[in-house]
Amino acid sequence: MLTTSPIERILRGLAITLVCLFFMFPIVWIFLMSFQTNETILRIPPSVVFAPTLDNYQALITGKLETAAGMLEINFMRNLGNSLFLSATSVAIGLLLGVPAAYAFARLKFKGSEDIAFTLLSFRFAPPLLVLLPLTIYFQQLGLANTYGGLIWVYQLIVLPLILWIVRGYFEDIPADIEYAYRIAGHDFWSTFRRIALPLAGPGIAAAGLLSFIFAWNNFVFALVLASADKQPVTVGALAFVTASGIQYGQVAAGIVLSIAPTFALALYAQRYLVEGLSLGAVKG
Amino acid sequence: MYEKEKGLVDAYLRGQMSRRSLIRGLGSLGVTAATAGTLLNLGATRALAADFDWKKHSGTTVKLLLNKHPYADALIANLDNFKELTGMDVQYDVFPEDVYFDKVTAALSSGSSEYDAFMTGAYMTWTYGPAGWVDDLSEYINDPEKTNPLYAFDDFLPGVIKSCAWNGQPGGALGSDDAKQWCIPLAYEQNNLTYNKRIFDANGLKVPTNIDELLDTAKAAKAVMNGGYGIGVRGSRSWATIHPGFLSGYANFDQKDLNIDADGKLTAAMNTDVSKEYHKKWVQMIQESGAPDWSTHTWYQVGTDVGAGKSAMMFDADILGYFMNGGTAEAGNLAFSAFAANPAASGPTPNIWIWAMAMSSFSKNKDATWYFLQWVTGPEHDLFGAQKMDLVNPARSSVWADGAFRDKLSGSYPGYVEMHDTSAPGASIKFTAQPLFFDLTTEWAATLQKMVANEVPVDEGLDMLAESVNSQLADAGL
């Protein structure tokens, strides 16, 4: 039986604390900044002692931002709503299309399957800026420019390859014999997929969904180029606090706290799927 | 509006009555100052309408692409007057400054007809104009059918309006006779000194009047700053490091970025003896008295630090000092001074940044768009923005002559009006207009960083820079 000495335990605890502090410090500091005014944030030297204020959150929620140059109107909550809508819808569509496709690539070996799968993956290789200009022109001709539908379509470039390749690896890890046994019992292909493959691949699908949600949430350039101001996600909207009349650090911090909250909550809720799904799909038997 | 009030406002607009008499007259009729402002604005709109068919494009919609900026706020705040005047509708998209030019470039390079007009800097039109993305506005300005006779094009400050006009030839003089008017200014920034009067007074510091005094004062200020530093100037690896204080001082010694030879070819001009001497002083100033993290400093850090009392002064845009004099820890303590780096110069020669409006060549409503452009760059909106909003520095001389505007500035921004009046005659874009502008100035900034970090001596660094610039110009056939 392995035993650890008290000194080893203390050192280990100390090391873990230091690592946690190192990684968590920026988040904690941003959290504290979100309750301060610009003046207290910028004082020299910085201090953790301050009178907390909810003004930054109030400004974000009401859309009225007080700056040195007067009142600015901001649409942060709309940006937040856009991010939620675009990311969630894109991931939902990505899962709807990607999971059956991943199953097909994993189970049905047909001519050109590898080529098609690789082509889909190659969408992730192309730098977005390279494809944006032709996309803009096509979108204008097709009437998709400045529409949520167009953006969700483009977001498939981010989410679909990710879902497809993660979930495919996971389907390949499920022994095919389980599915064959179910088929021999008289069930058809569709119900085998629905009742056996899908539940077994659940953690992998959740992990792929979560990761692609985070990637979609963090996207910046697609909406910026392809849509008007009213359809911009939070990644673009957050820049509104960097104004010619100064950087509103308090509102930037509050904006960060609000914008990481959904993904943070989702990651906390689904972290066991995330770890399980990614690690199981990664090891070949 | 009641007839008596209307009569008073119209008399004022015809120049038959002073502003003081107008306010007194309206006061006697029971009209408050705020209402008087509104009446005046409505009156100005009526006066505009009297001489020109503003309703010609009634029912048409134009769409604008705007940068999140106080100048755009002034525009939006006055839009209802334009709509009432013309019967047109105006839609707009506002994007944060950090990504604004990416959005503009994407829209223009894809030939998008979504936006009819957009805010731009004059430097950017050196790319947009030759690419065929923006229209030459001269043809509209010079067409009496399309332009209001009260537009008063000659009212623009000469250095500012000329800086928005270029003939498209690399090295061609801005505002030359054959120049095309790629954009029309909304407002502009001069680069001068903004200093913290509280710190200066408490420590017996005098406002510097040339580059040597600037070095001495910055050093003395740093010594008393208690953790802060003496002078803020930009230092990031970007064209924006060269164009404010640095180039304003450089131009004051009659130095140029590029020379034009007899064949019209461009060559580097920044490795002259005078230039090397100026660079040495600039580098020494940053090393002795600049921000410790100078090489990361942009508009935001320079402004934020002077507003927070972390730096004693800055040599940057006057309007940045204007913004920092409100809502910051040092609000009310900042003062302004025109600055001529060269003691032998006849006056300051600030390089300027201009926020202007341009018309997209892909617009499908060009005549209607011009109606909007002439209104937003016209004397009435410029005056409205300057008096009621933060459209500072206005680009029209008539606005600078307006007593109410000057009083507003003098009341809250000590020395601002004097600073402007002193340096405006020498204010213009000091760069040579050419398509490699952003590449060459970014490399210039990178060389400055190396000099300040002592990675390369100033003389050697400038010779290397000149060699690289010449090579790039030759490669580009310039």
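## A cis peptide bond in chain B

The peptide bond between Val392(B) and Asn393(B) is cis, with omega at about 5°.

## Basis of the model

This is a predicted model, in which local features need pLDDT of at least 70 and side-chain atom pairs count only at pLDDT 80 or more, whereas totals for chains, interfaces and linings use all residues. Residues are numbered from 1 along each chain as its sequence is written, while chains are lettered from A and ligands numbered from 1 in the order in which they are written.

## Annotated spans of chain A

For chain A, an unreviewed UniProt entry assigns the feature "transmembrane region" to residues 12–32, 84–106, 118–139, 151–171, 204–229 and 249–270. UniProt positions follow the numbering used here, feature names are shortened, and annotations may be inferred rather than shown by experiment.

In the model, residues 84–106 of chain A are 100% helix and 0% strand, and the C-alpha atoms at the ends of this span are 31 Å apart. Residues 151–171 of chain A are likewise 100% helix and 0% strand, with 29 Å between the end C-alpha atoms.

Strand E6 (residues 184–196) of chain B is largely enclosed by the rest of the structure, because 13 of its 13 residues are buried. A residue is buried if 20 or more other C-beta atoms lie within 10 Å of its own, exposed if 12 or fewer, and partly exposed in between; C-beta atoms are placed from the backbone.

Two strands pair if DSSP finds at least two bridges between them. E6(B) pairs antiparallel with strand E12 (residues 352–359) of chain B through six bridges, and Ile184(B) has Met357(B) as its bridge partner in E12(B). Strand E10 (residues 311–317) of chain B is joined to E6(B) by five bridges, also antiparallel; there, Asn192(B) stands opposite Asp316(B). Strand E11 (residues 334–337) of chain B runs antiparallel to E6(B) with four bridges, and Ser337(B) in E11(B) stands opposite Leu193(B).

## Positive phi angles in loops of chain B

Ala152(B) is not a glycine, yet its phi is positive, at about 55°. Ala152(B) belongs to the loop between helix H8 (138–141) and helix H9 (158–162) of chain B. Ala152(B) counts as partly exposed because it has 13 C-beta neighbours inside 10 Å.

Asn226(B), also not a glycine, has a positive phi of about 55°. Asn226(B) sits in the loop between helix H11 (211–224) and strand E7 (229–232) of chain B. With 8 C-beta neighbours inside 10 Å, Asn226(B) counts as exposed.

How values were computed: Helices (H or I, at least four residues) and strands (E, at least two) are DSSP runs, numbered from the N terminus.
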